[in-house]
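Student: Could you take me through one part of this model closely, and then show me how its surroundings are put together?

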Amino acid sequence: MNQAVGLARLAQRRPVKVIAVTSGKGGVGKTSVSVNLAMTLAMAGRETLLLDADLGLANVDVMLGLQPGRNLSHLLAGDCGIEDLVLDAPHGLKVIPATSGTRRMAELGTAEHAGLIRAFADYARPLDVMVVDTAAGIAESVTLFSRAAQEVVVVVCDEPASITDAYALIKVLSRDFGVERFRVVANMVRDAAHGRQLHEKILRVTDRFLQVALDYVGAVPDDDHLRRAIRRQRAVVDAFPGSRAAVALKNLAMAADKWDVAAGSRGHLEFFVERLAGVPAALGA
């Protein structure tokens, strides 16, 4: 392709929206939210990439019944490029798998984490949205991927540890890394009122001790259809589109689709957003 034509197409491409989905603790349905958010956006015609960034306990590929031949560990070892990892999921969704049960990947250093993110400079496929399914907790991989994203979605459920650990994660990202806005999803709730109660529990503490915006973006009901979809290794929005959980997750995705792409990126890993948005790193040199 002529370089001038390529640059012109790059300039016309709409900025990429990067959404990190995270949680204070495991077992709250974070990956399910990530998978269904990404799948719904793909079903709506958005060019969507789902990155499994739970580097030591990855399961996005399992939830979607995919069979990866290579994963992020091969990229880190220099055995392949970012394009070689992309898996095709239903409805045009693209998935980049990580590893499961690999201690080394769960204990990467800062330079190695940055190297993984830098590899996305070579991702050349059309892209509107990137959903990043992080690990749970406050490990370095979680904070790094979260602060490199434009939107941070925190998934909580009605367990004391989930609420406490979600607050701890928000505190670390806010105080140590300057993240100022979070979106909260209440998962496995009885009804809408239950979801708002969970949000208010965290909000009372963050309003008192932190300078952050904590936006409530919806609740996902406790629905057996979701468990059935997981057993079938399919997204519930695909397997049971009329179920209560699917409707809630589709509403979340449609809300996310309307979130504005930030004009500037934040954090010392600004190239992550800048490269994905089509802004040459040299402009900031």
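Tutor: In helix α7, the buried residues are S141, V142, T143, L144, F145, S146, R147 and A148; buried means under 20% relative accessible area, with exposed over 50% and partly exposed in between, using a 1.4 Å probe and protein chains only. That makes eight buried residues out of nine in α7 (residues 140–148), so to speak a mostly covered helix. Helices here are DSSP runs of H or I with at least four residues, strands are E runs of at least two, and both are numbered from the N terminus. Please keep in mind that this is a predicted model, where local features need pLDDT of at least 70, side-chain atom pairs count only at pLDDT 80 or more, and totals for chains, interfaces and linings use all residues. Residues are numbered from 1 along each chain as its sequence is written, and side-chain values use heavy atoms, leaving out hydrogens and water.

Now for the sheet beside this helix. It is an open sheet of eight strands with mixed pairing, in the order β3-β4-β2-β5-β1-β6-β7-β8. Because β3 (87–88) and β8 (213–221) stand at the edges with a single partner strand each, one side of each has no neighbour in the sheet. Two strands pair if DSSP finds at least two bridges between them; β1 (residues 17–23) and β6 (residues 151–156) have four, in the parallel sense. A20 has V152 in β6 as its bridge partner. Helix α7 packs on this sheet and touches β1, β2 (48–53), β5 (129–136) and β6, its direction making about 160° with that of β5. Contact means heavy atoms within 4.5 Å, and angles run from 0 to 180 degrees between N-to-C directions, with axes fitted to C-alpha atoms, for helices over the stretch in contact. Helix α12 packs on the sheet too, touching β1, β7 (181–189) and β8, at about 150° to the direction of β8.

The axes of α2 (residues 30–43) and α12 (residues 244–257) come within 9 Å and cross at roughly 65°. On the α2 side, V33, N36, L37, T40 and L41 take part, and they meet α12 residues including L249, L252 and M254.
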